[in-house]
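User: Could you go through this model with me? I have some quick questions about it.
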Amino acid sequence: MVDEILIPTIETARLFARHGVKATIISTPLNTPFISEKIEKDRQLGADIGVRVIKFPSVEAGLPEGCENLNSITSPEMAINFKIAHILLQQPFEQLLQECHPDCIIADMVFPWATEVASKLGIPRLIFYGTSFFALTAFDCIRSYEPHRKVTSDLEPFTIPGLPDHVKLTRLQLPNFIREADKNEIAKLLDQSHEAELKSYGVIINSFHELEPAYTEHYRKVMGRKAWHIGPISLSNRYIEDKDQGANNTASMDGQECLRWLDSKKPKSVLYVCFGSVFRFSAAQLLEIARGLEASGQHFMWVQINNEDKEEWMPEEFEERMQGKGFIKRGPAPQIQILEHEAVGGFLTHCEWNSILESIAAGVPMATWPLYGEQFFNEKLVTDVLRIGVGVGAQEWSRWIDEKKFIVKKDDIANAVTQLMVSEEAEKIRSKAKVLGQMARRTVEDGGSSYSDLNSLLENLRLHRPSAKHQN
């Protein structure tokens, strides 16, 4: 199974290729088949896009053979070794660049050494951020002002200083590497990424100006970053497909099963539930989710990508009671098509940025349940700034099941779902989400802000090429 962070990387490469740029994705053996499958249609349609493979140093970094993506990481110790493996990629990456010498390198922020390599070879390096301007701005303000150091407990709220909006968090909702007084390996990596960002050619962000205008401007003008917004990337690619070849809404057999079930439901009556492919809930938390969904009385489609515990947690006769009202899909499902289905009226999500953008693009409001990463920042954007979502009351940032002390209870889940789907406030939230969905579609069309920003970036890169400079 490929982790959800790889998907926007592939979509970015496809977007560049569809704008007439030769795009090469550097991958590792385990991830290459998935990438090749994703780009095959683009290649058939004439896009100049391909894959180059370098060995992932799993064993050299102390990881099991074949451990090449985040889905394979199951402990904090493995996460540290995964970071070591990333560092060991520098030499083969540099060797590959010397062979093909591209006009630009786009690398995720977890590869800070890419800026050094690019500078050495005289190639502009762009940092790709698969998150929001809001999250980047909030993180920078916390990094600069350290407001979490001024509260007396982990659960005492503090206001994030320096933001255009009044946003509160607690210390417990911050990543461990921020809360801890002594810098760990992840904190050091972020320091290196920060330095690499300042030295890079600029950053590209999977967002759009109309979604978070105050934070786009803050990032560029107050923080002084050179940034281009090109999102929602998946929507940009679909727009190009629909314009050039016509809409393609086919789904796998499993996906068709989901869509057929939704076809039998009334408009805006179904809650879609999915927490991504990386995090694995404890049995106790899964039990609370099931009970909360049942107590809410709402129709739901619950996609369980990770299903390793053989469902010993499931309430007795739960599926029998939910027959016709709840649909449990085991394994991946066509999330974009599900969100765009007229029967879906809400999305219970872990606030991973891809999922949020896909929900916004579909005009679907959210019940927010952040878990780790920058997800608590993303939740605040959805609930406090955009006001297109309702929080379930998640209190604690943690990447690992056994580190979580707080379980979100059945009643909190049921109350959030009810508020999102059928309360007096629900229609107002849904109306705002619909407007943002319309904005998202306009921004990727010819003349839209993301469409124009991408063209501006490509023109800048063309002018940066040695041949272009010689001609001028």
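User: How far is the sulfur of Cys258 from the closest cysteine sulfur?
Analyst: The sulfur of Cys258 lies 10 Å from the closest cysteine sulfur, which belongs to Cys274, and that is too far for a bond, since a disulfide is taken as a pair of cysteine sulfur atoms within 2.5 Å. This is a predicted model, in which local features need pLDDT of at least 70 and side-chain atom pairs count only at pLDDT 80 or more, while totals for chains, interfaces and linings use all residues. Residues are numbered from 1 along each chain as its sequence is written, and side-chain values use heavy atoms, with hydrogens and water left out.

User: And how many disulfides in the whole structure?
Analyst: A search of the whole structure gives 0 disulfides. Cys104, for example, is in none, and the nearest cysteine sulfur, that of Cys100, is 12 Å away.

User: Is Cys258 buried or exposed?
Analyst: Cys258 counts as buried, because its relative accessibility is 0% (buried means under 20% relative accessible area, exposed over 50%, and partly exposed in between, with a 1.4 Å probe and protein chains only).

User: Switching to Ala290, where is it found, and what does it touch beyond its sequence neighbours?
Analyst: Ala290 is found in helix α12, residues 283–296, where helices (H or I, at least four residues) and strands (E, at least two) are DSSP runs numbered from the N terminus. Leaving aside neighbours within four places in sequence, Ala290 is in contact with Trp302, Trp313, Pro315 and Phe318, contact meaning heavy atoms within 4.5 Å. Ala290 also counts as buried, because its relative accessibility is 0%.

User: Now the sheet: what is the strand order?
Analyst: The open sheet has 4 strands in the order β3-β4-β7-β8, with parallel pairing, and two strands pair if DSSP finds at least two bridges between them. The edge strands are β3 and β8 (227–229), each of which pairs on one side only.

User: Which residues are bridge partners there?
Analyst: Strand β3 (residues 105–108) pairs with β4 (residues 125–129) over 4 bridges, and Ile105 has Arg125 in β4 as its bridge partner. Another 4 bridges join β4 to β7 (residues 202–205), where the partner of Ile127 is Val203.
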